[in-house]
Amino acid sequence: MTSHSQGKRSSRKEPLLPPKGTRDLVGNEYLNYQGFAEKAAEIALYYGFKPVETPILEHEEVFTSGLSSATDIVGKEMYTLRTKGSDRLALRPEGTAPLVRAYLSEGMQALPQPVMAYYYGPYFRHDNPQRGRYREFRQFGLEVMGSPKSIYDALIVRLCVTILGEAGIKNPCVEVNSLGCKECREGYRRELSSYYRKHAKEVCAECRERLKSNPLRVLDCKNPKCAPIKESAPESIAYLCTECKKHFKEFMEYLDEMDVTYRINGSLVRGLDYYSRTVFEIISGDSAEEGAESGSALALGGGGRYDYLARALGSKKDVPAMGASLGVDRILLSPSYTPLHPRIIKKPEIFFIQLGFDAKLRSFQVTEILRKARIPIAHSLGKDSLGTQLGIAEKMDVPYCIILGQKEVIDGTVIVRTMANRSQDTVKLEKLPEYLKHLKR
Ligand code: AMP
């Protein structure tokens, strides 16, 4: 597949390309995405998660209230539009705030708690496109809403690792941290700010800016100039209150018991500012190596607890919750990714050949019998000659052909041809599904 760096056509004669940072998914690439989404959904379903789909467009305030404008994805990267009725909408840049919005607007508080939901779909961020970074990308997300218990934090991490494992990513690096609750996080924020203020002259302009708008984000800085300051910065786990410490300890005990290998990264804060207590990020084994060489390992996914987000979105009380999202595009780009095949899209093993107008008229009846029997077929209904159609079947490497000619139309039969030895059998139309099901594949 061609990659388009520009997304514009330079002259009127060239065909239009998809917008910069977006891609068409065609052929195997589409199947790879579909296969991954099906496998991830299957795992989530086995663990009791239910599918939820929210609109791609949301009211802008779902993100401005939920995440604050000081986060990059809201302040700099969100695509917004004004409708003809003057509503301000946004193309969703992430999945958690919409899920909490749906939890509240659908009255999910009334359901047994916690509500465990999974989702898959496209997300949009106006970022500079590069390898593994697109303007339209796909995430698979898991959320547990309505419980503060640390076992759910561990379950979410475990499921992410399980899903990655099914996709061939065997040794993901899981990094964890705890940011604490409203109370202890405040103390930490003050300490961190005062530490960075002392070093204000040594850090980059962006860090100085973040210090004012969203101090925890200074720890997301990738500028080598700021690395030594970041290294010696105070870490949030040293400031956790007794309850948060207990929560973090339990979370790690569950991870140990669930066989998840992880390491504590004291400077992991993640880009979104709704997180409290647990945060985590997953980097693939291979991209960690790649990243060590290039200095920028790409995260395959991450998440955390967001106990106060529901209130920011209008809930009268807090809804403690934990979630994660996996970056599907990046998983599919990982060197160790092993394609997962979609279940409903089967490669046809039978090619249907029709000869003559009467056979063309009858062809829909035959293909419909096969569809009802769940036997997928390939065909070339617009073609006329036997040679051409057999040629296409050979190219597609199907083991069998069904041939419907003038005589077969009159007799109510078809010919089934085995491509390997060219042997042919005449079969009554009503017996065809049964006959095909017993063929050797
Ligand atoms: P976030 O919502 O920022 O926590 O992102 C979760 C995951 O989505 C990341 O770990 C990435 O794998 C993926 N992701 C985020 N932004 C992009 C992007 N612009 N292009 C492709 N994948 C992305």
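Q: Which residues of H2 and H4 meet in this predicted model?
A: On the H2 side they are Val62, Phe63 and Leu67, and on the H4 side Ala97, Pro98 and Arg101. The coordinates come from a predicted model.

Q: And at what angle do H2 and H4 pack?
A: About 105°, with the axes 9 Å apart. H2 covers residues 60–67 and H4 covers residues 96–105. That angle makes H2 roughly perpendicular to H4.

Q: How does the contact of H2 with H4 split by class?
A: Five residues are nonpolar, none is polar and one is charged.

Q: OK, moving along the chain. Where's the cis peptide bond?
A: Between Gln113 and Pro114, with omega at about 0°. Pro114 sits in the loop that runs between H4 and strand E5, residues 115–124.

Q: What about Asp259, what's its phi?
A: Positive, at about 65°, although Asp259 is not a glycine. You'll find Asp259 in the loop between H9 and strand E8, which spans 262–264.

Q: Is the crossing of H5 and H9 left-handed or right-handed?
A: Right-handed.

Q: Which residues of H5 and H9 meet?
A: H5 brings Ser150, Ile151, Asp153, Ala154 and Val157, while H9 brings His247, Glu250, Phe251, Tyr254 and Leu255. By class, the contact of H5 with H9 has six nonpolar, two polar and two charged residues.

Q: How does H1 pack on H5?
A: H1, residues 27–46, packs with H5 at about 140°, and their axes are 10 Å apart. H1 and H5 are therefore oblique to each other. H1 passes H5 in a right-handed crossing.

Q: Who makes the contact there, from H1 and from H5?
A: From H1, Phe36, Lys39, Ala40 and Ile43. From H5, Leu159, Thr162, Ile163 and Glu166. The contact of H1 with H5 divides into five nonpolar, one polar and two charged residues.

Q: Switching to the ligand: how many residues are around it, and which come nearest?
A: There are 13 residues around the ligand, and Arg125, Tyr134, Gln139, Arg270 and Ala299 come nearest.

Q: What does Arg125 put 2.8 Å from the ligand?
A: A polar side-chain atom, and the ligand atom at that distance is an oxygen.

Q: And which kind of Tyr134 atom lies 2.8 Å from a nitrogen atom of the ligand?
A: A backbone N or O atom of Tyr134.

Q: How far is the backbone N or O atom of Leu300 from an oxygen atom of the ligand?
A: That distance is 3.3 Å.

Definitions and conventions
Residues are numbered from 1 along each chain as its sequence is written. This is a predicted model: local features need pLDDT of at least 70, side-chain atom pairs count only at pLDDT 80 or more; totals for chains, interfaces and linings use all residues. Side-chain values use heavy atoms; hydrogens and water are left out. A crossing is left-handed if the near helix is turned anticlockwise from the far one by less than a right angle, and right-handed if clockwise. Helices (H or I, at least four residues) and strands (E, at least two) are DSSP runs, numbered from the N terminus. Contact means heavy atoms within 4.5 Å. Ala, Val, Leu, Ile, Met, Phe, Trp, Tyr, Cys and Pro count as nonpolar, Asp, Glu, Lys and Arg as charged, and the others, Gly among them, as polar. A residue is near a molecule or strand if one of its heavy atoms lies within 4 Å of it. A polar contact is a pair of N or O atoms within 3.5 Å; within protein, one must be able to donate a hydrogen and the other to accept it, and residues adjacent in sequence count only if both atoms are side-chain atoms. Axes are lines fitted to C-alpha atoms, for helices over the stretch in contact, and angles run from 0 to 180 degrees between N-to-C directions. Angles under 35 degrees count as roughly parallel, over 145 as roughly antiparallel, 65 to 115 as roughly perpendicular and the rest as oblique.
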